[in-house]
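I opened this model to look up its fold, its core and its helix packing. My entries follow in the order I made them.

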Amino acid sequence: MLGGMTTSPSSEDPQAAPLDPEDQKLLTLARSTRARNGVPEGAAVRDETGRTYVAGTVALDSLRLSALQTAVAMAVASGAASLEAAAVVTAAPAPAEADLAAVRDLGGPGTPVLVAGPDAVVRTRVEV
């Protein structure tokens, strides 16, 4: 358990279930955004209707948002009422609590967040 959140093994664990194609899509979009924009993190979220929102880290003098916070904000700004899942590609060992809180605020308890390294290999799955 990670700060009140449950975690499951990475996709490298032979016992781990294969990723759903829609979750794999989130990882692909997050990784592509990270690489294309040259930012520390890329993230993607899927709303209750299946629409996806993709974002990278925002680092302005007056505004700093993680990729996951930005993707959640984009979903909210587009009228999403909830989230089904989220994914973040990062070199960090885990997303910050503020990132998980943003997912929980829109998605509710139990929303899965896939955390992958820059190679897009899932390190962990956190349920907020």
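**Overall fold.** I counted three helices and eight strands in the chain. Helices (H or I, at least four residues) and strands (E, at least two) are DSSP runs, numbered from the N terminus. Along the sequence I read the pattern β-α-β-β-β-β-α-β-α-β-β.

**Ground rules.** This is a predicted model, so local features need pLDDT of at least 70 and side-chain atom pairs pLDDT 80 or more, while totals for chains, interfaces and linings use all residues. Residues are numbered from 1 along each chain as its sequence is written, and side-chain values use heavy atoms, with hydrogens and water left out.

**Burial and contacts.** I looked up burial next: buried means under 20% relative accessible area, exposed over 50%, partly exposed in between (1.4 Å probe, protein chains only). Buried residues make up 41% of the 128 residues. For contacts I used heavy atoms within 4.5 Å. Of the contacts with a separation of 6 or more, 60% join residues 24 or more positions apart.

**Main core.** A nonpolar core here is a set of buried Ala, Val, Leu, Ile, Met, Phe, Trp, Tyr and Cys residues joined through side-chain atoms within 4.5 Å. The largest one has 21 residues. Those with the most contacts inside this core are V45, L68, V72, A75, L83, V103 and V113. At least two residues each come from β2 (41-47), β3 (52-56), α2 (67-77), β6 (83-90), α3 (97-107) and β7 (112-116). The largest share, five residues, comes from α2. I also noted a second, separate core of ten residues, with L26, A87, V89 and L114 among them.

**V45.** I found V45 in strand β2. V45 counts as buried because its relative accessibility is 0%. Beyond four places in sequence, its contacts include L26, Y53, L68, A71, V72, A75 and L83. V45 and L68 are 23 residues apart in sequence, yet 7.9 Å apart in space, C-alpha to C-alpha.

**α2.** Which residues of α2 are buried? I listed A67, L68, T70, A71, V72 and A75. Setting aside neighbours within four places in sequence, V72 touches V45, L83, A102, V103 and L106. Just after α2, G79 takes a positive phi of about 95°.

**α2 against α3.** Axes are lines fitted to C-alpha atoms, for helices over the stretch in contact, and angles run from 0 to 180 degrees between N-to-C directions. The two axes come within 8 Å and cross at roughly 20°. α2 and α3 are therefore roughly parallel (angles under 35 degrees). Their crossing is left-handed, the near helix being turned anticlockwise from the far one by less than a right angle. From α2, the contact uses L68, Q69, V72, A75 and V76. From α3, it uses A98, D99, A102, V103 and L106. I sorted these residues into eight nonpolar, one polar and one charged. Ala, Val, Leu, Ile, Met, Phe, Trp, Tyr, Cys and Pro count as nonpolar, Asp, Glu, Lys and Arg as charged, and the others, Gly among them, as polar.

**D105.** D105 is in helix α3. D105 is exposed, with a relative accessible area of 71%.

**A120.** Most residues other than glycine have a negative phi. A120 is not a glycine, yet has a positive phi of about 70°. A120 lies in the loop between β7 and β8 (122-127). A120 counts as buried, at 18% relative accessibility.

Terms used:
Angles under 35 degrees count as roughly parallel, over 145 as roughly antiparallel, 65 to 115 as roughly perpendicular and the rest as oblique.
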